[in-house]
2 protein chains.
Amino acid sequence: MASEPIPVFPKPVTLRDVAALAGVSVATASKALNDQGRMTAETRERIRETARGLGFRPNSLAQSLLRRRSFTVGLLTNDTYGRFSLPLMSGISDALVDNGVSVFLCNVEEDPRLGQLHVEAMLDKRVDGIIATGKRIDRHLPIDLSNLRVPVIYAFTQPDPDAIAFVADDDGGARLAVEHFCKLGRKRIAHVSGPASFAVVPARARAYRDVLTEHGLPVTEPLLGSWSEAWGHEAVAQLFDGGNERPDAVFCGNDQIARGVIDALRERGLSVPGDVGVIGFDNWEIVAEATRPPLTSVDMNLAALGREAGLTLLSLVGGTSAAPGIRKLPCRLVVRQSCGHPLDG
Amino acid sequence: MASEPIPVFPKPVTLRDVAALAGVSVATASKALNDQGRMTAETRERIRETARGLGFRPNSLAQSLLRRRSFTVGLLTNDTYGRFSLPLMSGISDALVDNGVSVFLCNVEEDPRLGQLHVEAMLDKRVDGIIATGKRIDRHLPIDLSNLRVPVIYAFTQPDPDAIAFVADDDGGARLAVEHFCKLGRKRIAHVSGPASFAVVPARARAYRDVLTEHGLPVTEPLLGSWSEAWGHEAVAQLFDGGNERPDAVFCGNDQIARGVIDALRERGLSVPGDVGVIGFDNWEIVAEATRPPLTSVDMNLAALGREAGLTLLSLVGGTSAAPGIRKLPCRLVVRQSCGHPLDG
DNA sequence: CCTGTAAGAGAAAACCTTTTCCCAATTAAG
DNA sequence: CTTAATTGGGAAAAGGTTTTCTCTTACAGG
């Protein structure tokens, strides 16, 4: 009877092995592989060939220890289901993988103890820097990152003003949406958004009012509720049941609200975009593409934001000093069908 | 004019610093902190006190180099937007953080080059092991992990049969749903699912048939389409427009289909769950809770699956050998309102 | 008083790589 | 032929920690 096949993992080949096989010292081997030092071209090539043959890969731990740089960063988030943090992560990873940097993802929920644990683990592992993100801009993670031994960058969340943060230009995004409605000839544009306690809500509401004023259109008070489809439904009831003049466009604070609005409009026999145009926010494709008709929505370009954050962190790690403050990155309007075409045309 | 405040990061305190301040050798200091070696209780306590005072934290890189163990694992995924991989990640992280293990998250999309890049970066950084996951069970990642220097565990995806894999018990989940309908007294239970090319589709369909047969109920051919709401709509048309007897329950292959089904039923004036009960699959809360009525759905317990995978990887790293093969973890039915109460009662 | 043992603490090697400095040998210049 | 410069390559230290081995001192037993 055959004995249990216990998987045995071969010892990694070290520089010493390469050097021995090539008949040189480790110093020479190292220099050969790193294009350093002086030696004959043949020696260099022979060492390289040996290393290739052996499948040598330098031990990052040893390199990191020496260089005091681990080519590792930490991403801290409390966005458990990743609606915002995953696109960010994707951008960050994209920007960094080509530099050989890997990313520790740490979900700290809302638990300070967990946050502490993760941060300490990362610092012990000598991450080169940390990117902190969250699921809402105006709340920070349940942990203080202000006096760490490594640079910290905030993305999609904004802490004390002398930190470095990247956020989406919410006002700009809202302007994009409302101006698009204006361009299409809509005249009575309503705004249905989330809870006033979220910083983005009043910000977008102000942009909404500004654009309407600039265009000489009537401003109605934004309807604030929750971020849910159910609220979208109810908001439609409020907008269309009163005796007021009915809107011909609704700019929604997120895609779920927009979805609720569209469904409610259809149930009332109103056509979208024929009678009422709708624009959402977040461009959560899985929702935006499932609405009928597909939802026009403001995209915060989170992957690009992540990329910027990653690159900035990298340059910070490299010793460049960056000015503190908040950088707003532009949003982009993804036009599908729910907003309609120009009315006169 | 004040000069630019260049943030300066203080040198980390090393064991040498602690030893010097405590007036002992680094060897003694190390032993004091690790509860090793012999020394007077006072010496030990004095060293500890010094370390605490200095805020000493051992350099993981140095420890890892020596122990040939980095307390780091890699999670490889191609599920960009993390519907499945994030709950998994959450479970893995949960299981490992208490052991001081951090997780590299690597999204390899469908790109073999990217996969190669990430895997090499992780191996260079001496991860202790790798967990591979994906967004569908029957496809593996675009990269070969079979001859790595570290243990590999698959989660929610199943590769060659002599690997170790954790997957959800799809059949069991489907049984759970259909049996629940039976228990509620539903008699004509339909099944609407995704594309036949996904391995889970025929598996669940078979479980569906089996349960109906066991209960002596009529089996109708499952309707296969895409994973979208739109398909849910269309399936309802097929089910309810023909002259066939109409179903009083629909078991759907995922929550998006279920949502489409529920919306379509409502549009036809059929009440859910009054006239027709609906159960979904995945328990994607953001969808399940937004349907009207809230959707009963099969939950694959992905976090638990991740936890198991993490713990198993850990024991593998520790030298335990585990039997190859696929472990199926049970699903659970999350009952909300769309499936209804017992009809008689 | 002498020897054996145990306690307390340090020296040094090991993990793996990079880099600085140094040495020997060859070549060029005078 | 001597001196200086250059070339090819190695020795060793550094990075921070753990662990084994060794050394010194004190103490108990005879």
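**Chain contact and DNA surfaces in a predicted model**

In this predicted model, the contact between the chains takes 45 residues from chain A and 45 residues from chain B, two residues being in contact if their C-beta atoms, placed from the backbone, lie within 7 Å. On the side of chain B that touches chain A, two or more residues are given by each of α4, α5 (85–97), β2 (102–107) and α6 (112–124) of chain B; helices (H or I, at least four residues) and strands (E, at least two) are DSSP runs, numbered from the N terminus. The largest share of this side, six residues, comes from α6(B). Its residues comprise 22 nonpolar, 16 polar and seven charged, where Ala, Val, Leu, Ile, Met, Phe, Trp, Tyr, Cys and Pro count as nonpolar, Asp, Glu, Lys and Arg as charged, and the others, Gly among them, as polar.

Residues are numbered from 1 along each chain as its sequence is written, with chains lettered from A and ligands numbered from 1 in the order in which they are written. Local features need pLDDT of at least 70 and side-chain atom pairs count only at pLDDT 80 or more, while totals for chains, interfaces and linings use all residues.

Around DNA strand C there are 27 residues, of which Leu15(A), Ala27(A), Ala62(A), Ala27(B) and Met39(B) come nearest; a residue is near a strand if its C-beta atom, placed from the backbone, lies within 6 Å of it. α2(A) gives the most to this surface, with six residues.

DNA strand D is surrounded by 29 residues, the closest being Ala27(A), Thr28(A), Met39(A), Leu15(B) and Ala62(B). Here the largest share, six residues, comes from α2(B).
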